[in-house]
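Have the picture open while you read.

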Amino acid sequence: MPLNSKVKAVVEKKLEEYEGRYDHMYLDSKSKVTVGVGHLIANRNAVGTITMYTVKNKLPSTLASLKQKQDEYDAIAKQKKNYKASWYKQHTSLVMKDTDINTQRNKHVTTFYSELSGMYTKAKGFASGFDDMPESVQKALFDMIFNLGQTKLRTTFTKFNEAVKKEKWDEAAKQCNRPDVNAARNNYVKGLFNEAHKASPKSTTQVPKP
């Protein structure tokens with residue numbers, strides 16, 4: 001089953017809002033070399049899979065060689081930490097094209113969709129499979145897996161996943177906080193779970209008969 005197109009559009013928009021979109025390498029909040037829309041470059045050898053170009057007249061020119069990309073990685077890795085991503089631009093000479101950034105971002109979305117679909121299934125005890133969960137929940141889970149990764153989302157957020165399993169969206173909202181994420185992003189995800197809670201028939205308070 002393909003990813004819901006409305007969910008995909010929002011996920012892409014929010015990822016760029018919270019991760020930023022940069023055509024050059026920079027150090028993220030954890031001092032990891034990053035490029036594009038929050039694409040973490042694991043090590044200097046990983047740059048081989050990233051399409052980058054030299055710059056001529058302020059525009060992408062010729063394809064950068066592996067050595068050029070590795071040299072750039074090394075240079076950025078040595079820079080000062082905790083600066084805004086745009087600050088690192090002055091220390092770079094290579095860029096990505098918008099089309100390549102889009103391809104990279106879409107690959108992430110596709111990969112995370114596959115992982116989420118495999119994690120949240122009825123076969124694993126969840127009341128609904130990922131595709132049958134409310135759209136707001138799907139959006140929230142995408143944001144969490146992008147930031148945390150599949151393993152950490154599955155193994156560290158156990159109380160959160162128990163709430164998702166039982167579709168207790170109000171409890172999921174309480175358990176979804178990520179310590180390494182800013183308040184605005186945490187509140188966005190929390191709001192998505194609360195939105196699902198308010199729309200759920202389970203949230204209706206049943207008044208006992210006298």
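Does R21 count as buried, partly exposed or exposed? With a relative accessibility of 28%, R21 counts as partly exposed. Keep in mind that this is a predicted model. Side chains of opposite charge can pair when their charged atoms come close. Here, the structure has 15 salt bridges, and we'll look at a few of them.

**Linking α1 and α3**
- R105 and E16 make a salt bridge, and their closest N and O atoms sit 2.7 Å apart.
- R105 belongs to helix α3 (residues 98-119) and E16 to helix α1 (residues 5-19), so this pair ties together parts that are 89 residues apart in sequence.

**R21 and its partner**
- R21, our opening residue, meets D98 in a salt bridge, at 3.5 Å from N to O.
- R21 sits in the loop between α1 and β1 (22-27), whereas D98 is in helix α3, so the pair ties together parts that are 77 residues apart in sequence.

**A bridge from α2 to a loop**
- D74 pairs up with R44 in another salt bridge, where the closest N and O atoms are 2.8 Å apart.
- D74 is part of helix α2 (residues 66-77), and R44 lies in the loop between β3 (39-40) and β4 (53-56), so parts that are 30 residues apart in sequence get tied together.
- D74 counts as partly exposed at 24% relative accessibility, and R44 also counts as partly exposed, at 32%.

**One joined-up network**
- Some salt bridges share partners, and these join K8, E12, E16, R21, D98 and R105 into one network.
- That network takes in both R105 and E16, the pair at 2.7 Å, as well as R21 and D98, the pair at 3.5 Å.

**A closer look at α3**
- How far apart are the end C-alpha atoms of α3? They are 31 Å apart, which agrees with the 32 Å that its 22 residues should span at 1.5 Å a residue.
- Which residues of α3 are buried? Among them are I101, Q104, R105, H108, V109 and F112, along with Y113, L116 and M119.
- The cover over the buried residues of α3 includes the helices α1, α4 (135-148) and α5 (150-155), plus the strands β1, β2 (33-36) and β3.

Notes: Residues are numbered from 1 along each chain as its sequence is written. This is a predicted model: local features need pLDDT of at least 70, side-chain atom pairs count only at pLDDT 80 or more; totals for chains, interfaces and linings use all residues. Side-chain values use heavy atoms; hydrogens and water are left out. A salt bridge is a side-chain nitrogen of Lys or Arg within 4 Å of a carboxyl oxygen of Asp or Glu. Helices (H or I, at least four residues) and strands (E, at least two) are DSSP runs, numbered from the N terminus. Buried means under 20% relative accessible area, exposed over 50%, partly exposed in between (1.4 Å probe, protein chains only). The expected span of a helix is 1.5 Å times one less than its number of residues. Contact means heavy atoms within 4.5 Å.
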